[in-house]
2 protein chains.
Amino acid sequence: MTNITLEVEGMSCQHCVNSIEGALKEIGAAGKVDLNSNRVAVDYDENRVTLEAIKEAIEEQGYEVV
Amino acid sequence: MTNITLEVEGMSCQHCVNSIEGALKEIGAAGKVDLNSNRVAVDYDENRVTLEAIKEAIEEQGYEVV
């Protein structure tokens, strides 16, 4: 299992948390959003999920990975 | 048709807009959220919807009507 923490812009409320964590779950990763620090910690299996797919999943929800 | 504009705290993003406008639609009112001014303009029929029900619909979504 790999863990990475991404800085993400535009996350403002619990709806944002749900949409990002839900999108990560859909691709098989486990995300945890911290609204205070604008960061998303993601646990994922590098053999199944790529970092590129993680960034895309977040950006498809309308947020920018810095 | 009656129109009222309410000041609402906590609305931060498009998800918030959708949840508030959706909740107002469900009770038969038409709401339009302005995130910049923290205001919600609501068109409603006083014979069918009360102002109290409008405030409740917004507060049930987790926002405070000032």
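How much area is buried between chain A and chain B, and what share do carbon and sulfur atoms give? I looked this up to open the notebook: the area is about 410 Å², of which carbon and sulfur atoms give 62%. Buried area here is the accessible area (1.4 Å probe) that two parts lose on being put together, summed over both.

**Ground rules.** I am working with a predicted model, in which local features need pLDDT of at least 70 and side-chain atom pairs count only at pLDDT 80 or more, while totals for chains, interfaces and linings use all residues. Residues are numbered from 1 along each chain as its sequence is written, chains are lettered from A and ligands numbered from 1 in the order in which they are written, and side-chain values use heavy atoms, with hydrogens and water left out.

**Interface.** I found six residues from chain A and six residues from chain B in the contact (heavy atoms within 4.5 Å). On the chain A side, S12(A), C13(A) and H15(A) lose the most area to chain B, together 79% of what that side buries.

**Symmetry.** I laid chain A on chain B and got an RMSD of 0.0 Å, with a turn of 179° and a shift of 0.1 Å along the axis (least squares on the C-alpha atoms of residues with pLDDT of at least 70 in both). The two copies are therefore related as by a two-fold rotation axis. The same surface serves both, as 100% of the contact residues of chain A recur in chain B.

**Sheet of chain A.** I traced an open sheet of four strands in the order 2-3-1-4, with antiparallel pairing. Strands are DSSP runs (E, at least two residues), helices likewise (H or I, at least four), both numbered from the N terminus; two strands pair if DSSP finds at least two bridges between them. Strand 2 (30-34) and strand 4 are the edges, each pairing on one side only. Strand 1 (residues 2-9) joins strand 3 (residues 39-44) by six bridges, and I noted I4(A) opposite V42(A) and T2(A) opposite Y44(A). Two bridges link strand 1 to strand 4 (residues 64-65), where E9(A) stands opposite E64(A).

**Helices of chain B.** I checked how helix 1 (residues 14-26) of chain B meets helix 2 (residues 51-60) of chain B: their axes come within 9 Å and cross at roughly 145°. Axes are lines fitted to C-alpha atoms, for helices over the stretch in contact, and angles run from 0 to 180 degrees between N-to-C directions. I20(B), A23(B) and L24(B) of helix 1 make the contact with I54(B), A57(B) and I58(B) of helix 2.
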